[in-house]
Amino acid sequence: MSQFRVARMAFACVVLAGSAQAALPPESIHQDLRWRLMGPMRAGWSLVAQGVPDRLDTYYFGAADGGVWKTIDSGLTWTPLGDRAPFSSVNALAVIARGSGPAKLVVGTGQSQTRYDAMEGNGVFVSEDDGASWRSIGLEQTRAIGELWVDPRDENVILAAALGSLFGPGPERGVFRTADGGQTWNKVAFVDADTGAVDLAADPAAPDVVYASFWQVRRYPWQGYHIPQVGPGSSIWKSTDAGRAWTRLPGAGLPAGPMGKIGLAVGAGSKGQRVYAVVDAPKDAGAYRSDDGGATWVAARKDRSLASTYFGRVIAHPTRPDVVYFTGQSCKRSDDAGATVTFVKGSPGGDDYHDMWINPAHPERMILASDQGTTVTVNGGATWSPWYNQPTGQFYRIAADDRVPYRVYSGQQDTGTVALASRSSYGQLTFRDWHPVGGDERDADIPDPENPDFVYGAGLGGRLSRWDARTGRVANVSPWPVSSYGQDPRRARYRTTWITPIAVSPRKPHAVYWGTQFLFRSTDKGWTWAQASPDLTGAVAGAKGCDTAITPVAIATACGMGVIFAIAPSAATDGLVWVGTDNGRVQVTRDEGKTWTDVTPRDLPDWSQVASIDPSGTDPGTATLAADRHRLDDRDPYVFRTRDFGRTWTRIDGGLPKGAYVNVVREDPMKPGLLFAGTRTGVHVSVDEGKTWTSLQRNLPPTAVNDIVVKGNDVVVATQGRAIWALDDVTPLRQLVAEPRLQLAAPARAARMAANENRDTPLPPEMNTTPNPPTGALFDYYLPEPPAGPVTLEVRDVAGGVVRRFVTGAAPERPQARQYFADRWLRPAATPGSRAGHNRFVWDLRKERPRSTDYEYMIRAVPGVDTPITPEGALVRPGPYVVRISVDGQTAEQPFEVVPDPRVPADREAIDAQLRLIAEVEADLGRVADAVAAREKARPQGAPAPPAEARLSTIGSTLASLLTDLEAADGPPTRAQRDLRAELNVELAKVLAEGAKAGTTRR
């Protein structure tokens, strides 16, 4: 009976013995998985920025859906504050310094911009310990806090300007005030259910006088940039008692007619009488000024670029009342109270600035928040810190190619595109490992399945590009190369929304699809196109009531406001394509567009955005659909699944959290029924086809997950404010179950790779990098309870010989090598975990470290990872192995395979030749080590080493260097290496023989 079969029988006994134990929670099957930030280290949308007057290098910013960040070195490096905070979208921030102790932070959540992807919030939060911990202090239903104001005399007095929901009326709008630090709030200023407060302003030297702006605004389920965001409720209000009571100002001199968003600032030293306002309006938009406390106004500069629904902030200089700054596509400054402006900072394409803070004690120190990230100046704007050090990018759609290592592709909101390597040969991912791929911001970027040097990129207003990696050139291959961005959908030839949907079929001839109200198809990489569908959105020719400025939601579908939002060609069969629209229609074709069937789920209401459709990779009739209704003020999850081509659908969202709408659901192509859901608040997983769901958030920061791709064994997600993350090797989700028994998952194939091939000076820790995935074989096991003794993992070859053995708490001793660098470059060795539930251990595929008289730290160093010491031990031969777990007298084992590096032609003879010479050199090193140890023991204490020992030391050092080179190679030894070993072997024999003769003579 083989050893493998014996262990299998023991495993069965373990199952029976443990059946009476209580089951652990479902999350226990993946508790040791960790999300890995892939990057890129390119910042995203920053909304608010603050500093600390007497801590000159300390600043904070809030991201659109990326939380709060802090720097203590004026923007050289940034740190997220509280990745487990209960919020993600930050629009308002107040920093209260407390001497040398931790700062108090007050955060207002949700966005006050009307962009299609504006992320809602969940109230106001406070941290008393500089972001280490957070607690809610109310206003959970306000959806968007435009601004916060803290009374400089009493930090418990806080005003919050609440905009409310962008998508419907509600009472949670206006100015709210607390005098007890958020224990209770009073609504102190209110216009109506359609108008919310968006800004607050006061002079710190005269805090009783506070101004607030109100904005009447409404968004609709479709992209409505053609609809002016103005209304009669938009106005400016004033309080003269620190926010207790408010009066609406008459607005004499402000633009006539309805106004839009208004930004406010109070001039320094004016006792609250000098007020600046930037006013968005259909006519006479621009900067206005009042010198009588808001009673009357004059137009300082009628300039539409200063005011909009998107920017619209004015910032007063802290000491000079005539100096103000305006945020917009660029940041502008006026030294004459708004009459003229000069550019402070801005780039071609528009950086899109949203906020600014000026240090009142050192006004040459400023911080800016923009679409491109956050940047600091310490010299009045002469130079600024970079924003390629903040992983806060917003990504919507994601794809991957089939290279080794694979690349991930996506479009970043406001910034551009990215192709990002999943692994680097140099131990970590850096700026060297990603690059743009030529498309537009925000949308999907998909590599051609036949040639990943071609990447199709969707963009604004229906643009479709094809990037060629060989030249970097970008061709516009849109079916109709005329942009419809921002147009009234009822007037556009081809309708598009915020995202232009594209798809590439995984089946030959790899058709490319492009969606408007119609589906288009190309089989020649975009050179020619055919319309593959009629209007799939439910539009009705000649529909009545469609000519009003604002189309009622009830007739918007008939009026032609809907567009295709999701395109999903099947990988299981030819001709099958699923299409979903942003107004709640689902259609399917099984003959490549010749005929279409409406398969909309019966209980999917009108104007439910079909955010994603995921066809099964193995069963043509099965697909999973995620719908988003938050633009109709319905934020609950909607997930449907069909097994009969859409004839019937079943709701499978019962276990997902209420209030967390779903953006995407993907099925594991290797295990049908294993589903991953990306929601407004993170990631969930179901191992039973949606019957039950559990959080898969682990260490993923709180942010919306917009798209998911399952690539091989990995799950990769695109987030709304924290860049791109990967969950490496989800084998536990495919094999483990939350049952009270010892389990050992069958490891995935392990590629024979080295963790780090860097030979350059290591990048300094201040450089922003992200980690590589684990290198080697991943062993995943499940313990039903904490064991009484250690966990032992053994790797055995086919003959049953032990290759490596790892024991809980028994880390191998660090070899004696000269340390000439800081301790931050060292980490203790890992040993098998022993927590109840899932545990993961990574074996680097190396044999035991050989004995040597000369160990050396290598330049192959990465911050956060232990610096390697060479010789390390050879990588094992490709082939079959068995991993065995032993714990408390119970055992289980699983076979697995080590395979050659996929990038290298598999040459078994070459690897065998390499390993044979390595074994010979290791044996020589062992003989040197034995001889040195014996001679040191025999030599009288304090006596000088004889010349023979110096010769031994030289031989040992040379052998160690040779072995290090052999371990690093991936092929046969060179003739020179063979010759060197032979020469050293002869020299070693002479030295050992001389030593033996000398020992005989002495006796």
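## Arginine 115 and its setting in a predicted chain

In this predicted model, the side chains of arginine 115 and aspartate 117 are joined by a polar contact of 2.8 Å. Arginine 115 sits in the loop between β7 (104–109) and β8 (124–127). Its relative accessible area is 5%, so arginine 115 counts as buried, the cut-off for that class being under 20%. Apart from neighbours within four places in sequence, arginine 115 is in contact with Trp45, Arg219, Tyr225, Tyr310, Asp371, Gln394, Gln413, Asp414 and Trp498.

### The chain as a whole

The secondary structure of the chain consists of six helices and 67 strands. What overall form does the radius of gyration of the chain agree with? A compact globule of 1003 residues would have a radius of gyration near 30 Å, and the chain has 33 Å, so the value agrees with such a globule. The C-alpha trace spans about 115 × 70 × 60 Å along its principal axes.

Of the 1003 residues in the chain, 59% are buried. Among contacts with a separation of 6 or more, 58% come from residues 24 or more positions apart. The accessible surface amounts to about 38300 Å², and carbon and sulfur atoms contribute 52% of that surface. As for charge, the chain carries 110 positive and 113 negative side chains, and the centres of these two sets lie 2 Å apart.

### Backbone features in loops

The bond from glycine 39 to proline 40 is cis, with omega near 0°; proline 40 lies in the loop between β1 (35–39) and β2 (46–52). Threonine 870 and proline 871 are likewise joined by a cis peptide bond, with omega of about -5°. Proline 871 belongs to the loop between β65 (869–870) and β66 (879–887).

Positive phi values in residues other than glycine are found at alanine 337 and at glutamate 592.

The difference in class follows because buried means under 20% relative accessible area and exposed means over 50%, with partly exposed in between.

Proline 815 is located in the loop between β62 (802–807) and β63 (837–843). Its relative accessibility of 15% places proline 815 among the buried residues. Leaving out neighbours within four places in sequence, the contacts of proline 815 are with Arg849, Tyr855 and Ile869.

How far apart in space are proline 815 and valine 586? The C-alpha atoms of proline 815 and valine 586 are 63 Å apart, and the two residues are separated by 229 residues in sequence.

How values were computed
Residues are numbered from 1 along each chain as its sequence is written. This is a predicted model: local features need pLDDT of at least 70, side-chain atom pairs count only at pLDDT 80 or more; totals for chains, interfaces and linings use all residues. Side-chain values use heavy atoms; hydrogens and water are left out. Helices (H or I, at least four residues) and strands (E, at least two) are DSSP runs, numbered from the N terminus. The radius of gyration is taken over C-alpha atoms; the globule rule is 2.2 Å times the number of residues to the power 0.38. Buried means under 20% relative accessible area, exposed over 50%, partly exposed in between (1.4 Å probe, protein chains only). Contact means heavy atoms within 4.5 Å. Accessible areas come from the Shrake-Rupley method with a 1.4 Å probe; for residues, only the protein chains shown count as cover. Lys and Arg count as positive and Asp and Glu as negative; His and the chain ends are not counted. The place of a charge is taken as NZ of Lys, CZ of Arg, CG of Asp or CD of Glu. A polar contact is a pair of N or O atoms within 3.5 Å; within protein, one must be able to donate a hydrogen and the other to accept it, and residues adjacent in sequence count only if both atoms are side-chain atoms.
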